[in-house]
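Student: Could you take one part of this model and go through it closely, setting it against the whole chain?

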Amino acid sequence: MAAQGLNKSAIGRKLGLHQATVRKYLNASSVAELTAVTEQRAHLVDDYVAYLHQRWNEGERNATQLFREIKQQG
């Protein structure tokens with residue numbers, strides 16, 4: 001979208017993201033910069049990570065909707 005000439009605000013509106021988030025993604029030179037490095041510990045969503053990645057890659061960006069979907073799965 002940036003390559004198409006849209007500014008950060010316009011991209012944020014289209015994707016439902018805050019302008020600071022758009023800036024972070026645009027300025028990142030690698031995926032490693034976008035992922036938080038944390039200790040390996042169990043999380044409630046561990047069993048759903050693959051599903052969440054799939055839905056994210058399909059374009060779902062609404063966290064509430066994603067929560068509803070994994071809640072229905074148990």
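**Glu69 and its setting**

Tutor: Among contacts in the protein (heavy atoms within 4.5 Å) between residues at least 6 apart in sequence, 18% join residues at least 24 apart. The model is a predicted one, in which local features need pLDDT of at least 70 and side-chain atom pairs count only at pLDDT 80 or more, while totals for chains, interfaces and linings use all residues. Residues are numbered from 1 along each chain as its sequence is written, and side-chain values use heavy atoms, with hydrogens and water left out.

The protein has four helices and zero strands, in the order α-α-α-α from the N terminus, where helices (H or I, at least four residues) and strands (E, at least two) are DSSP runs numbered from that end. Glu69 sits in helix α4, which covers residues 63-72. With a relative accessible area of 11%, Glu69 is buried, a term that stands for under 20% relative accessible area, with exposed over 50% and partly exposed in between, using a 1.4 Å probe and protein chains only. Once its neighbours within four places in sequence are left aside, Glu69 is in contact with Tyr51 and Arg55.

As for the whole chain, 15% of the 74 residues count as buried. The C-alpha trace spans about 40 × 25 × 15 Å along its principal axes, and the radius of gyration is 15 Å, whereas a compact globule of 74 residues would have one near 11 Å; the radius is taken over C-alpha atoms, and the globule rule is 2.2 Å times the number of residues to the power 0.38.
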